[in-house]
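Let's work through some exercises together, one step at a time. Have the sequence and the 3D view open, and try each task before you read its solution.

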Amino acid sequence: MTFDILIRGGELIDPAQQLRGTRDVGITAGRIAAVEPSLADAEATTVIEADGLLVVPGLVDLHVHVDRGHTPLGLDPDLLCPAGGVTTMLDTGSTGSGNFPGFRRDVIDRADTEVLALINLSCIGLAASSLGELLDRRYADVPGTVRTIREHPGVAVGVKIRAGAHIIGTGETGRANFLDAVRAARESGTWLMVHIGESPLSIPEMLEHMQPGDCITHCYKGGSERILDPAGRLFDEVRAAAEQGVVFDVGHGYGSFQWEVAESCLKQGLPPTTISTDLHTKNIQGPVYDLPTTMSKFLHLGVSLEEVIAMATTRPARVLGLEQDRGTLAVGTTADVALLEQKSGAFQLTDSYRQTRTADRLLVAAGTIRRGEVVPGGGGLWTRHLAR
Ligand SMILES: [Zn+2]
């Protein structure tokens, strides 16, 4: 047999197939062509010796900001790809009805990495994110949001609202904005991602309007609004929503991941549905850096390697409705592959509240294959985490 790429001798983990073990992977014409215990007799144009590496589906980051050059938070999606082994990413509301077409034309369609997007209820998206995109109710554009989603099938896949009072207003203004976001999701037949944080409605109140497939992002944020009640117990409404299929997404970010909250939620039986970064210009130099670093934080909190991989591959692919083709290494699917190195040592990992813990394992993107092509670069600056 002859392949374009042959990945040899790595430890393959594919949660979608419940597969873990030493496997060789053959790739041809952009697709996974063979997964076998040994393809020793095969030939390939490119052979990757993956001894000592984990071979996992290309990572899927459910929360990034990549409207580069148009919004102050936007990063270049093609640089994030090899840095983190991320082959599919979801831009979460960087743009709204007024500026999504430019984002699509100038960034999404030009990028080699697959970028999907949520449409911000605010027609201006995050063009001036620090000013609060929905403090002026006139920016809430339900018809435009629905129209944008209809006009960009497969790319604009849902609705985003940053439901902080300093962003959508307090009292009736905040409530009206939130309900408009719910309505845009329902009318477009898609789903809603809600950024929580000092919201005008309580989390249980917001959950009353959310349905399975909708998503709470920044689920382990600290501060005055958490998915824990003031006594530190998980809200009953949160537990019920998770059981019914509301997605609880990490969205680590700049101010939205606290060790203690994550630890307590894990103890109380609420692991994240998905691990994502919320990478943007203000956190890529720390504390977030990349998706494997965020995944390593959950390894440190005791989540198993298989689960951590699932939370950044199979699960987010399912949230996006792409699970037949992404987030898996099944034969016939798109050849998106992340080669991860699991380093042992002492590594400093910092949350969004400047609390650092020392972990003994760190996941690093050692290589990335995107639609059957090896992506140059990657490897990560893992040494920045070394404890001294
Ligand atoms: Zn975000």
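**Exercise 1. Against which elements do the buried residues of helix 1 pack?**

Step 1. The buried residues of helix 1 pack against strand 6, strand 7, strand 8, helix 9 (291–300) and strand 14. Helices (H or I, at least four residues) and strands (E, at least two) are DSSP runs, numbered from the N terminus. Packing here rests on contacts: two residues are in contact if their C-beta atoms, placed from the backbone, lie within 7 Å.

Step 2. Before going on, note that this is a predicted model, in which local features need pLDDT of at least 70 and side-chain atom pairs count only at pLDDT 80 or more, while totals for chains, interfaces and linings use all residues. Residues are numbered from 1 along each chain as its sequence is written.

Step 3. Find the buried residues of helix 1: Pro77, Leu80, Cys81, Pro82, Ala83 and Gly84. A residue is buried if 20 or more other C-beta atoms lie within 10 Å of its own, exposed if 12 or fewer, and partly exposed in between, with C-beta atoms placed from the backbone. Helix 1 (residues 77–84) is largely enclosed by the rest of the structure because six of its eight residues are buried.

**Exercise 2. How many residues of helix 9 are buried, and what covers them?**

Step 1. Nine of the 10 residues of helix 9 are buried, so this helix is mostly covered. Among them are Leu291, Met295 and Phe298.

Step 2. The cover includes strand 6, helix 1, strand 7, helix 10 (305–311), strand 13 and strand 14.

Step 3. After helix 9 comes glycine 302, with a positive phi near 100 degrees.

**Exercise 3. In what order do the seven strands of the open sheet lie?**

Step 1. The order is 6-7-8-9-10-11-12, and the pairing is parallel. Two strands pair if DSSP finds at least two bridges between them.

Step 2. Strand 6 (59–64) and strand 12 (247–249) are the edges, each pairing on one side only. On average, neighbouring strands of this sheet are turned by 25 degrees against each other, direction ignored.

Step 3. Now zoom in on strand 8 (residues 114–120) and strand 9 (residues 156–162), which run parallel and are joined by four bridges. Here alanine 117 stands opposite alanine 156.

Step 4. Axes are lines fitted to C-alpha atoms, for helices over the stretch in contact, and angles run from 0 to 180 degrees between N-to-C directions.

**Exercise 4. How is strand 2 paired with strand 1 and strand 3?**

Step 1. Strand 1 (residues 2–14) pairs with strand 2 in the antiparallel sense over eight bridges. Strand 2 (residues 19–28) and strand 3 (residues 31–36) are also antiparallel, over five bridges.

Step 2. Follow valine 25 in strand 2: this residue is the bridge partner of isoleucine 7, and valine 35 in strand 3 is a bridge partner of valine 25.

Step 3. Check the turns. The hairpin of strand 1 and strand 2 has four residues between the strands, and glutamine 18 in the turn has a positive phi of about 50 degrees. In the hairpin of strand 2 and strand 3, with two residues between the strands, alanine 29 takes a positive phi near 50 degrees.
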